Amino acid sequence: MGKTTGFMEFDRKIETYAPVKERIKNYKEFTIPLKENELKDQGARCMDCGIPFCHSGCPLGNLIPDFNDAVYQGKWEKATKILHSTNNFPEFTGRLCPAPCEEACVLGINEDPVSIENIEKNIVETAFKNGWIKPELPIKRTGKKVAVVGSGPAGLAAAQQLNRAGHSVTVLERDEKIGGLLRYGIPDFKMEKHIIDRRLEVMKKEGIVFKTSVHVGIDVTADELQKEFDSIVLCGGATVRRSLPIPGSDLKGVVQAMDFLPQNNRKVDGIPYAGEELSAKGKKVIVIGGGDTGSDCIGTSIRHGAVSVTNFEIMPKSTTTRPEGQPWPFWPMRLRTSSSHKEGAERVFSISTKKFVGDEKGNLKGLVTSEVYWEKKQGQRPALKEVEGTEKEWECDLALLALGFTGSETTIADQLGLKMDARTNINASTKDYKTNIPGVFVAGDQRRGQSLIVWAISEGREAAHHVDNFLMGKSNLPLKGDGDLPRV
């Protein structure tokens, strides 16, 4: 490594944010980048540790010490090649990944970890700025045709890898534009959609065909897909929302987050949307659910002009340090405060919603909660218990349900006769991503359940190797942990 004492000389530094009053006026990204010399110092903090646990922390197996060193030395094009050797879309992960690699960083045992995610983002942005990201066309075509169903990160990764192997790839997406939840779910203030579009332009030039407004299983049947294509890769995600089956859940004003957020994405993009406008303007908003989706609802509601935003979390408030039983290098369930939380939301922990309250016209006007705790008994799963005498009624005009997903939709799986688990995830092992139907593979959330963007890209890449092997009897596409460093 170029700076073996860098971790002792430089403190962790990441991008800062534009002031709250400025950034909530629009839906643009609001981070303020570091200067190049500051980024080099951050790359210098990488320790040259004997075993880089960041590799195991990263689901993609990114070669993190290597691109950190290249950044420290100012070799940005080399860093670009190293980063792209394991990650098709670092511009997505550099903005949206929770960075499990940083929690596994050796320096993080007793200091602030290396700012890996921010370095990654700046590598790819430098690469686009300098024109280093160019279409990679296959040397020859195999004559094999592959359909990729779903255009989220898993589908896009599988498509790009399979195209590089020489197969003719068609990506089928039911929405009007490509991107899945990257486009219709992630707020623009976290990732502006031109970031997706510039990568799609590269992929189109590589020869990948994208077809939108095609709902597989409805607009095109499983039989038709099997007749037209030599293999099918299902990457439709886990899109069945978790409900909250309590009294009043049918009131007007009780809204699923994944109705609220995609509609706002369309509004920002100027795309017409079906149904009544879902606006938080002038309303007292309560977001039920403390994960990333809940945070996205908070930031969006504040930009709408909500009177107040309160966030309910059924779990107790975590510590900012590692909890007991979650030692380094494992992922810790620590308290995480997003930029949206800092924009003016009140957070309430250990609280459960018991019922929604409506007016005579069926409009939501409030909800009733109670405080809760988790009772732990030896050999049993923790049980949720209500604290007696803690019922409270809250004023609320808009309740956003950010409760996650319970599994994937089953239309195409039923048509194909695929085996599924109890959560409607399609059965396939990470050994080969094959389903019980020959030629049909599955990757991403549709296989593993709701997960991280970095896992989706990883599964798309891995599945592509096994599809290529199925079609050709062998594959040169890389598997995680396979590869040597690219020649640069």
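Between which two helices is the loop where Ala99 is found?

A: Ala99 is found in the loop between helix H7 (90-96) and helix H8 (100-103). The model is predicted, so local features need pLDDT of at least 70 and side-chain atom pairs count only at pLDDT 80 or more, while totals for chains, interfaces and linings use all residues. Residues are numbered from 1 along each chain as its sequence is written, and side-chain values use heavy atoms, with hydrogens and water left out. Helices (H or I, at least four residues) and strands (E, at least two) are DSSP runs, numbered from the N terminus.

Ala99 has a positive phi of about 60°, although it is not a glycine. Most residues other than glycine have a negative phi, and most peptide bonds are trans. With a relative accessibility of 6%, Ala99 counts as buried; the term means under 20% relative accessible area, exposed means over 50%, and partly exposed is in between (1.4 Å probe, protein chains only).

For residues 23-131, an unreviewed UniProt entry gives the feature "domain: Dihydroprymidine dehydrogenase". UniProt positions are in the numbering used here, feature names are shortened, and annotations may be inferred rather than shown by experiment. That span is 52% helix and 2% strand, with its end C-alpha atoms 29 Å apart. The annotation "domain: FAD/NAD(P)-binding", also from an unreviewed UniProt entry, covers residues 144-460. Over residues 144-460 the chain is 24% helix and 24% strand, and the end C-alpha atoms are 18 Å apart.

A positive phi in a residue other than glycine is also found at Ser350, near 50°. Ser350 has its place in the loop between E11 and strand E12 (351-358). Another backbone feature is the cis peptide bond that joins Trp328 and Pro329, with omega about 5°. Pro329 is in the loop between E10 and E11.

Met315 is found in the loop between strand E10 (308-313) and strand E11 (346-349), and is partly exposed at 40% relative accessible area. Together with Ile314 and Leu384, Met315 forms a nonpolar surface patch of about 220 Å² accessible area. Patches are made of residues with over 30% relative accessible area and no salt bridge; like charges are joined within 9 Å, and nonpolar side chains (Val, Leu, Ile, Met, Phe, Trp, Tyr) within 5 Å. A salt bridge is a side-chain nitrogen of Lys or Arg within 4 Å of a carboxyl oxygen of Asp or Glu. Accessible areas come from the Shrake-Rupley method with a 1.4 Å probe, and for residues only the protein chains shown count as cover.

As for the rings, the structure holds 6 aromatic pairs. Rings of Phe, Tyr and Trp (its six-membered ring) pair if their centres lie within 6.5 Å; planes under 30 degrees apart count as stacked, over 60 as edge-to-face and the rest as tilted. The rings of Phe441 and Phe470 have centres 5.7 Å apart and planes at 70°, so this pair is edge-to-face. Because Phe441 lies in strand E18 (residues 440-442) and Phe470 in helix H17 (residues 453-472), the pair ties together parts that are 29 residues apart in sequence. Phe441 is buried at 1% relative accessible area, whereas Phe470 is partly exposed at 36%.

Tyr17, Phe30 and Phe189 are linked into a cluster by ring pairs. The charged end of Arg303 sits over the ring of Phe189, 3.9 Å from its centre; this requires NZ of Lys or CZ of Arg within 6 Å of the ring centre and within 35 degrees of the ring normal.
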